[in-house]
Amino acid sequence: AVVNASVDAHALFSQKCASCHGANAEKSALNKSQIIAAFSEQQITDALKGYQNGTYGREMKALMQGQAKPLNDAQIDALAKYISAL
């Protein structure tokens, strides 16, 4: 996968996402989330931006807002490319 050179998407995913979503995004986070490995790049971008502005999410919304808020657009783009390619 082509990723933004300024963002190490693998490291970012490993640090922020893998503990709940699995190393290959194959798990339902805390048995509540959708399995994000099946998401397209656009779905991941929309979800992360939606968590940031409060328009997306169900039971895990509050937790994911905290995870998504500090991400910048370059990080979101890199994560979306990385996860959708898993």
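**Cysteines, core and a helix crossing**

Cys17 is buried, with a relative accessible area of 13%. This model is predicted. Cys20 is partly exposed, because its relative accessibility is 27%.

How many disulfides does the structure hold? The count is zero. A disulfide is a covalent bond between the sulfur atoms of two cysteines. To count as one here, the two sulfur atoms must lie within 2.5 Å. For Cys17, the closest cysteine sulfur is in Cys20, 9.2 Å away, so a bond is ruled out by distance. For Cys20, the closest cysteine sulfur is that of Cys17, at 9.2 Å, again too far for a bond.

Now turn to the core. The largest nonpolar core has 22 residues. Those with the most contacts inside it are Phe13, Ile36, Ile44, Leu48, Leu71, Leu79 and Ile83. Which elements give two or more residues to this core? They are helix H1 (9–16), helix H3 (41–53), helix H4 (61–68) and helix H5 (73–84). H5 gives the most, with six residues.

Leu71 is worth a look. Leaving aside residues up to four places away in sequence, Leu71 touches Leu12, Lys16, Leu48, Gln52, Ile76 and Leu79.

Next, find H3 and H4. Their axes come within 8 Å and cross at roughly 100 degrees. Angles of 65 to 115 degrees count as roughly perpendicular, so H3 is roughly perpendicular to H4. On the H3 side, Leu48, Tyr51 and Gln52 make the contact. H4 brings Lys61, Met64, Gln65 and Ala68. Sorted by type, the residues of this contact are four nonpolar, two polar and one charged.

Notes:
Residues are numbered from 1 along each chain as its sequence is written. This is a predicted model: local features need pLDDT of at least 70, side-chain atom pairs count only at pLDDT 80 or more; totals for chains, interfaces and linings use all residues. Side-chain values use heavy atoms; hydrogens and water are left out. Buried means under 20% relative accessible area, exposed over 50%, partly exposed in between (1.4 Å probe, protein chains only). A nonpolar core is a set of buried Ala, Val, Leu, Ile, Met, Phe, Trp, Tyr and Cys residues joined through side-chain atoms within 4.5 Å. Helices (H or I, at least four residues) and strands (E, at least two) are DSSP runs, numbered from the N terminus. Contact means heavy atoms within 4.5 Å. Axes are lines fitted to C-alpha atoms, for helices over the stretch in contact, and angles run from 0 to 180 degrees between N-to-C directions. Angles under 35 degrees count as roughly parallel, over 145 as roughly antiparallel, 65 to 115 as roughly perpendicular and the rest as oblique. Ala, Val, Leu, Ile, Met, Phe, Trp, Tyr, Cys and Pro count as nonpolar, Asp, Glu, Lys and Arg as charged, and the others, Gly among them, as polar.
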